Structure formats: structure tokens, C-alpha cells
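Notebook open, model loaded. I am jotting down a handful of look-ups as I go.

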Amino acid sequence: MKSSVYSSVSEAVMAARGAFGRYSELTLNERNEILEAVRTAVRPKIAELAEMTVAETGMGNVADKIEKLKLAVEKTPGIEDLITEVNTGDHGMTLYELSAFGVICAVHPCTNPCATLISNTIGMLAAGNAVVHCPHPRAVRVSQYLTGIISDAVRNICGIDNLVVTVSESLMGSTKEIMSHPDIDLIVCTGGAGSLRQAMCSGKKVIGAGPANPVAIVDETADIEKAARDIVQGASFDNNLMCTSEKAIVVVESAADGLIAQLERNGAYYTRSAEQIDRLYNTAVTEDFVINKKMEGQSAETILDTAEIPHRKGIKLVVAETDRMHPFATLELLMPLVPIIRVKDFDEALETALDIEQGYRHTATIHSESIEHMNRAAKKLQTAVFVKNGPSLLGIGFDKEGHTSFTIGTVTGEGTTSARHFARRRRCTLTSGFSIR
């Protein structure tokens, strides 16, 4: 059996616990050297990992997965994210620093398996932890391969083996066993609702990424050409597998026709035909009113072909005009098929967006030149990621501003997570002095 992949939960957790004991003795500079070694080891494997992910999961496309992996490698913050706080006064000094939790159980989705694993591993190692990865059953092989690359890089630079490990089989039972293991100190769950429920019942500290249904608002003041370009870019990226990608469009009536024309110009297929929408519905949603897993992460052209709808070549996104209660608006489809809903004014747009977002507080975008509209939307929606006048991708660092994160803690409140969230905040007080004011 190759290093870092264990056949039993107890072996994996105990190996990580032993590695953590050694890792906790290293300095911050030594941690930083390890993180750079991990980045260096993963870079030449990015294209291979993207191809393996598409082949194993059957979702998304290689080109966009390459971009996600590059982002995770280059823009996930390391030890620089571990901020130190200090308060001084007449009677002494109080210092707040961030220390490791210990061994983390990291649960990953099939939508972004490698990008999430890379980003979380960098942050977790930066915070001083060891990690036991629990990949999605649809991404086991590529996750094991990536874990081995990272584990080898760590061992080669510092001699510590098993700092990052996983198990040979990914099953709900084994994931639950890892979560409840007494040597697991923190659970970071980027998986589905079932995994999150298990994590929340574990009695451990949990960082939980919940469901999402991101909505894009377009008002009458928006730059319509840019709004359309941005929405198509965000909603079609990796076939809409990103939890932050636009899943619905709400547009003010006076801007609707212009926006639709620009969406079509940017590669969208638009329809308001009841017959075509029924075909799309039967393609995307099952009789049990759940997402058709076979269509998750498929291309827009595949969706149209499956629905037997004729189309031109090069379609990136399917846009169906519906009302606010249509399943396309209420379900997180995870495919490049989004509804567009017309409303009379901004007040109705915001009310509709709130209904569609469903209080998940995950992600929303707005296209507007009105500061008052942008501020009202941000305040009312209260999402962890809010993007103004850009594609949803900007919310996780694709614009070169802000750090990258593939775990957005909506249920537990951390938002876009980074190294500081994978650490414990500790307080140390020293009396008598250390104030130079």
C-alpha cells in the first residue's frame, strides 16, 4: 500500500496523530518551506489532475478545472494569514495568537475535489494541523493520487510522513467513523447535506459549507453588455459546478430584452417556449423533484441535445425564462441551465432574489450603477460572497483581489475560509508593563 492511503480509519487517524506530534515542533518558517514544497510538487501535475477529475467524476471540463487548480495552488494564503492581535494598557499586555487544532477531518465534494483538497490542505498545514481527507466516492482515485503527491512533498522537505493522509475506500460509514474518532479535533465539511448533518452531530468543532443558490440581480442602471458577459462567464465556468456560480438571473423589466440579446451574443441559448422549458425540465429534474445527477456538470450543448432542442454550435449557457417559483429557480441545478425572471422594478428584484437565495447566505451578485441598490442588496441578502458588477468568479479570487477559498462556511458562519479559520484563538496575558505609550 502506498504511503498516505490507509485501509482502515484507525490506521489513518493514528498515523496523522503521530505526524502532528512531530509537525507541532516546527517553526513557522519551516511550515512555510513545506507549503512552498507542496505548491511546487502540485504545479506540474495540474493538467493531469484536471483530466483525471473529469474522467472519474464525469463532470465539468478540463480547461476550467485547470484554472481552478492554478487558483488553489497560487492564491490560497499560507502562514501570512495567521494574524496576531495585541492589547496593551497600564497593567500589562494581552496577546492573542492562532494555534493548531490538531488533526482535521476534511470532507470534500465531487464538484471541486482537487481544488478543494489543495486549498484546504495549504490552509490547514499553514495553521499547523495534520489532515485526514475524506474524498467524495465519485472522486476517490484522483483524491488519493493528489494526497500522495502532497504527502511525498511534505516528507521530502521535512522528513515527516503521514501529515496528510486518506483512506482506501470512501464510504459514508468510513467518513462518519473518521468524524467521530476521538483523535479528530476539527471537522471541515465541504460535502453534501448528509455529510454536514453527520458532522454537526459529532460533538466536535465543525466548519460547515451549506447549500447554495446564487442569484444575479440586473437593474435598469446596469452596463448591460458587461452584465451579460459576466453572467455567462460565471454561470458557464466548469459547467456551473461551482457553488458560487450564478444559478438564476433576476432582471428589471426595462433592462430584460437588452440583457437577453446580450446573453445570446455571448453564447447563451435563450428560450421562453413552454414546450422547450418542459423538455429542459424533464432533462434536468427527476420525477422525485431532485436534480438529475446524470446531467450535473454537463455542457450546455449536452443538455440541449438530451432535451432534443436544436441549437447553434458553441452554446455555453442555457437561459430559460420562468417565474420565481419554477424549479429551475428554487433548485441548485449545478449545470449551465439558469432561469431568468422579469420583475417590474428593483424592489421586486430584491424581494425575488431573497426568495430564490432561500436564506442560505452563500453567494449573490448584482449589476448596477446605483450605490443605493448595491448597498441595499448586500445588506438584505447577507451572503458570505457578494460581487458587484462582475462574474461570480471574482468572489473567490479570480480577479486577483482577495484570497482563494473553496470552502465557504455558510452554516457555521466563517464565510470564505483560510488558515486562520483552521486554528484556535488563544489568549496570553502578561502583567506589569510592555506598553510604550
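I started with the contacts of Cys110: leaving out residues up to four places away in sequence, Cys110 touches Thr57, Met59, His136 and Arg138. Contact here means heavy atoms within 4.5 Å. This is a predicted model, where local features need pLDDT of at least 70 and side-chain atom pairs count only at pLDDT 80 or more, while totals for chains, interfaces and linings use all residues. Numbering runs from 1 along each chain as its sequence is written, and side-chain values use heavy atoms, with hydrogens and water left out.

Where does Cys110 sit? I find Cys110 in the loop between strand 4 (103-107) and helix 5 (113-126). Helices (H or I, at least four residues) and strands (E, at least two) are DSSP runs, numbered from the N terminus. Cys110 counts as buried because its relative accessibility is 8%. My cut-offs: buried is under 20% relative accessible area, exposed is over 50%, and partly exposed lies in between (1.4 Å probe, protein chains only). I also checked Cys110 against Asp185: they are 75 residues apart in sequence, and their C-alpha atoms are 24 Å apart in space.

Next, the cysteines. How many disulfides does the structure hold? I get zero, taking a disulfide as a pair of cysteine sulfur atoms within 2.5 Å. Cys105 has a relative accessible area of 0%, so I log it as buried. Cys158 goes down as partly exposed, because its relative accessible area is 25%.

Phi of Asn239 is near 55°, a positive value in a residue other than glycine. Asn240 is found in the loop between helix 9 and strand 10 too, and its phi, near 65°, is also positive. I flagged these because most residues other than glycine have a negative phi. Buried or exposed? Asn239 counts as buried at 9% relative accessibility, and Asn240 is buried at a relative accessible area of 0%.

Last stop: Thr283, in helix 11 (residues 274-284). Thr283 is at 8% relative accessibility, so it counts as buried. Which residues does Thr283 touch? Not counting residues up to four places away in sequence, I list Asn292, Met295, Ile303, Thr306 and Ala307.
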